[in-house]
Amino acid sequence: MNRLLNQAKLQSFHHYKVYKFGVEVPRNHDQAMELDCMIGNIKWLDAEKLELSQIHEYNTFIDKGKGFDMPRSYTKIRLHMVYDVKHDGRHKARMVAGGHMTKTPVDSIYSGVVSLKGIRTILFLAELNGLDSWAKDIGNAYLEALTKEKVYIIAGPEFGDLEGHTLVINKAIYGLRSSGLRWHKKLEDTLRDMGFV
């Protein structure tokens with residue numbers, strides 16, 4: 001009975017509409033394009049184009065063309081867009097890999113995350129000791145690091161002219177199992193190169 005209830009909840013979850021700040025948030029590319037057409041603007045299309053331009057700017061994919069036969073050591077996965085509306089009304093699209101489709105790596109992929117309590121403690125200690133506190137937001141942070149996972153995709157309609165092309169994932173895109181670790185290693189190396197200890 002519990003299993004059937006959970007399946008029913010999941011089914012309704014996939015179909016009910018989600019609104020954020022009064023704007024309907026799409027669940028996939030097709031729905032985003034439908035909403036743009038229905039409302040009479042291109043905000044979701046622009047959000048997708050911005051995300052794809054940044055992804056291409058970081059050389060996230062290696063284009064192998066159409067019909068390329070990938071080696072068996074590579075795993076085919078899917079990508080999808082995750083949509084959001086920011087508090088200032090901006091429409092945001094983020095490309096996320098289906099990392100759940102890959103095998104779990106044998107080596108550790110643990111990547112620690114700082115807690116809000118940890119940040120408060122650091123800021124308190126800095127203030128108490130008269131130290132300067134620095135903060136920085138790094139846009140598309142994961143795309144700064146290379147991935148070691150051997151994965152590829154077949155580009156979908158959101159890729160425009162590249163639709164149907166075989167794309168090898170070169171960067172630690174959001175959603176891959178080891179992306180967090182790859183990014184933290186890249187950040188560690190960069191901070192050490194800058195003289196931080």
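In the predicted model, Asn59 lies in the loop that connects H3 to strand S3 (61-66). Although Asn59 is not a glycine, its phi is positive, at about 50°. The residue Asn59 is exposed, its relative accessible area being 52%. A positive phi in a residue other than glycine also occurs at Phe21, where the value is near 55°. Phe21 sits in the loop between strand S1 (18-20) and strand S2 (23-25). With a relative accessibility of 55%, Phe21 counts as exposed, because the class begins over 50%.

The largest nonpolar core comprises 26 residues, of which Phe61, Leu79, Met95, Ile153, Phe159, Ile169 and Ile173 touch the most other members. Two or more residues of this core come from each of helix H2 (29-39), helix H3 (43-57), strand S5 (79-85), strand S6 (91-97), strand S7 (151-154) and strand S8 (165-169). When residues up to four places away in sequence are not counted, Phe61 is in contact with Ile55, Leu79, Met95, Ile153, Phe159, Leu167, Val168, Ile169, Asn170 and Ile173. In soluble globular proteins, nonpolar side chains tend to be buried together.

A nonpolar patch is found on the surface, formed by Val114, Leu116, Ile119 and Leu123. Together these residues have about 380 Å² of accessible area. Ile119, one of the patch residues, belongs to helix H4 (residues 116-128). The relative accessibility of Ile119 is 38%, so Ile119 counts as partly exposed, a class that lies between under 20% for buried and over 50% for exposed.

Conventions. Residues numbered from 1 in each chain as written. Predicted model: local features only at pLDDT ≥ 70, side-chain atom pairs only at ≥ 80, totals over all residues. Heavy atoms only, no water. Patch = residues over 30% accessible without salt bridge, like charges linked within 9 Å, V, L, I, M, F, W, Y side chains within 5 Å. Areas by Shrake-Rupley, 256 points an atom, 1.4 Å probe, with all protein chains shown as cover. Salt bridge = Lys/Arg side-chain N within 4 Å of Asp/Glu carboxyl O. Helix = DSSP H or I, 4+ residues; strand = E, 2+ residues; numbered from the N terminus. Buried < 20%, exposed > 50% of the residue type's maximum accessible area, 1.4 Å probe, protein only. Core = buried A, V, L, I, M, F, W, Y, C linked by side-chain atoms within 4.5 Å. Contact = heavy atoms within 4.5 Å.
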